[in-house]
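These are my notebook entries on a single protein chain.

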Amino acid sequence: MADMIKKLDAAARKAPVVPVIVVDDAKQAAPLAKALVKAGITIAEVTLRTPAGLAAITAMKAEAPELLVGAGTVLTGNDADAALEAGAEFLVSPGMSPGLRSALKGREDVMIPGIMTASEAMARHEEGFLRLKLFPASIAGGAPALKALNGPLPHLKFMPTGGISEDEVKTYLKLPNVFAIGGSWIASQADIAAGNWAKIEDIAKRLLALA
């Protein structure tokens, strides 16, 4: 198993709840990282949905080196290169395209691609991806789908993301093939923009208590 996956799994065992973050201003990244670490969060995914995404990754790693920071919404080879150069330790994509697959050039160990079906999961595993994301989880069958997939595909591990509610956290994390869950409600774009660090810390603590 790749070193990055070992590191990811170890962090997830401590705190299997992953904030999916949208940052509008890179200046918000350092205090956000501080609040997340204070709450006990060990993994964070910063999406590349805004121009501030790459700078936010760099700033979060500088503020909290112990926090495992990855890049989300990685759609192209250029995204992957830029994210890794900015300091991202892992990459997350909503799916997988031939262009992105080709551009990874042997870096499958740092990518968590999104899947919706058993066939997609099998294909990604054959291609060398060691961890997968069920996305969007709420549409792709949620916890029942993951429970069903564990029967024929017990060797695959998932980080479901997309439409997961707080009430479902325990249900997902009880599944043997779920190593973590992701959610934007842990540190919402609005709360980040408003600098509501105490609120973000409280939400993160509450969710980790459920985990």
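**Entry 1: The chain as a whole**

I began with burial: 53% of the 211 residues of the protein chain count as buried. I note that the model is a predicted one.

I then looked up the secondary structure and recorded 10 helices and seven strands. The radius of gyration of the protein chain is 16 Å, close to the 17 Å that the globule rule gives for 211 residues, so the chain is as compact as a globular protein of that length. Along its principal axes, the C-alpha trace spans about 45 × 35 × 30 Å.

For contacts with a separation of 6 or more, I found that 60% are made by residues 24 or more positions apart. The chain exposes about 9,000 Å², and carbon and sulfur atoms supply 56% of that area. I also looked up the charges: the mean positions of the 22 positive and 22 negative charges are 5 Å apart.

**Entry 2: The nonpolar core**

Which residues have the most contacts inside the largest nonpolar core? I found L32, M60 and L91, in a core of 70 residues. I followed M60 further. Not counting residues up to four places away in sequence, M60 touches I21, A29, L32, A33, L36, A44, V46, L67 and V69.

**Entry 3: R124**

I located R124 in helix α6, which covers residues 118–126. Is R124 buried or exposed? Its relative accessibility is 12%, and buried means under 20%, so R124 counts as buried. Leaving aside neighbours within four places in sequence, I listed M96, P113, I115, F129 and L132 as the contacts of R124.

**Entry 4: Backbone exceptions**

I kept a general rule in mind here: most residues other than glycine have a negative phi, and most peptide bonds are trans.

Where is the cis peptide bond that I looked up? It joins F135 and P136, with omega at about -15 degrees. P136 lies in the loop between β6 (133–134) and α7 (142–150).

I next recorded T73, a residue other than glycine with a positive phi, near 55 degrees. T73 is found in the loop between β3 (68–72) and α4 (77–86).

K105 also has a positive phi, near 50 degrees. I placed K105 in the loop between α5 (98–104) and β5 (111–115). Its relative accessible area is 71%, and exposed means over 50%, so K105 is exposed.

Definitions and conventions. Residues numbered from 1 in each chain as written. Predicted model: local features only at pLDDT ≥ 70, side-chain atom pairs only at ≥ 80, totals over all residues. Heavy atoms only, no water. Helix = DSSP H or I, 4+ residues; strand = E, 2+ residues; numbered from the N terminus. Buried < 20%, exposed > 50% of the residue type's maximum accessible area, 1.4 Å probe, protein only. Contact = heavy atoms within 4.5 Å. Rg over C-alpha atoms; globule rule 2.2 N^0.38 Å. Areas by Shrake-Rupley, 256 points an atom, 1.4 Å probe, with all protein chains shown as cover. Lys, Arg positive; Asp, Glu negative; His and termini not counted. Charge placed at Lys NZ, Arg CZ, Asp CG, Glu CD. Core = buried A, V, L, I, M, F, W, Y, C linked by side-chain atoms within 4.5 Å.
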